[in-house]
Amino acid sequence: MSEIQISTLGLILSIIPVTLHGIEVLFPMQARWIVNWVLPFFGLKTPSKSSALTRNEQINMIDAALEAAPEKKKTNAKDYLFLLLFEQRQGAIGFTAVAIGAIYGMNLELAARQPLHLVFGVVAVLMMLVNANQAGFLPFFGKHPKISKHGKNVGIVFTPFWFAVALLNYLAFTYVSI
């Protein structure tokens, strides 16, 4: 594979997350779509409408979490729930920015792509570490207190994916000096 092909593949693979998460910029509750129609495959199950969460059920779950907070801490509980959905949107913004940068970068000469490969390589390494952690491979790399079976399987599947993205972006980054 040529240097430009490796670079282009590194950029293309960096686009993939926006295909699932991009809509969350506008609709953070759409993470439900991934839970309903994508994650079942990570449990070797077929998604079904009967087990799919609805928006109303999702809101009820959020309301139940708020109700579980001590009365004198309701303001902080509301802010925490706000922040979870806000950060959902911010993550989607990051994936959208990466995708737009990758598409733009494919029109550039190899040397001009170097800053993109640096940024996308860092993103890929951190995504790899987080996925390895949730898969149970790096227990010292933070703690997610609610990893589901499907979430663990996502980590197992996406750790090598992000390793490949990191490797391609690293290689493309090292090909030239600006």
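**Exercise 1.** Describe how helix 5 and helix 6 pack in this predicted model, and classify the pair by its angle.

*Solution.* Helix 5 packs against helix 6, which covers residues 149-174, at an angle of about 155 degrees, and the two axes lie 7 Å apart. Angles over 145 degrees count as roughly antiparallel, and helix 5 and helix 6 are therefore roughly antiparallel to each other. The handedness comes next: helix 5 passes helix 6 in a left-handed crossing. Finally, the residues of this contact divide into 17 nonpolar, nine polar and one charged.

**Exercise 2.** Work out how helix 1 is placed against helix 6, and which residues make the contact.

*Solution.* The axes of helix 1 and helix 6 come within 8 Å and cross at roughly 140 degrees, which makes helix 1 oblique to helix 6. The residues of the contact of helix 1 with helix 6 comprise eleven nonpolar, four polar and no charged.

**Exercise 3.** Locate the largest cavity and characterise its lining.

*Solution.* The structure holds one cavity of 30 Å³ or more, and about 50 Å³ of space lies in the largest cavity. Its lining is formed by Ser-14, Pro-17, Phe-95, Val-98, Phe-120, Val-123 and Trp-162. Two or more of the lining residues come from each of helix 1 (3-21), helix 4 (74-105) and helix 5 (114-135). By residue type, the lining divides into six nonpolar, one polar and no charged.

Conventions
Residues are numbered from 1 along each chain as its sequence is written. This is a predicted model: local features need pLDDT of at least 70, side-chain atom pairs count only at pLDDT 80 or more; totals for chains, interfaces and linings use all residues. Side-chain values use heavy atoms; hydrogens and water are left out. On a 1 Å grid over the protein atoms alone, a cavity is a set of points where a 1.4 Å probe fits but cannot get out, and a pocket is an open set with protein on both sides within 12 Å along at least five of seven lines; lining residues have an atom within 4 Å of a point. Grid points are joined across faces, edges and corners, and a volume is the space filled by probe spheres set on the points. Helices (H or I, at least four residues) and strands (E, at least two) are DSSP runs, numbered from the N terminus. Ala, Val, Leu, Ile, Met, Phe, Trp, Tyr, Cys and Pro count as nonpolar, Asp, Glu, Lys and Arg as charged, and the others, Gly among them, as polar. Axes are lines fitted to C-alpha atoms, for helices over the stretch in contact, and angles run from 0 to 180 degrees between N-to-C directions. Angles under 35 degrees count as roughly parallel, over 145 as roughly antiparallel, 65 to 115 as roughly perpendicular and the rest as oblique. A crossing is left-handed if the near helix is turned anticlockwise from the far one by less than a right angle, and right-handed if clockwise. Contact means heavy atoms within 4.5 Å.
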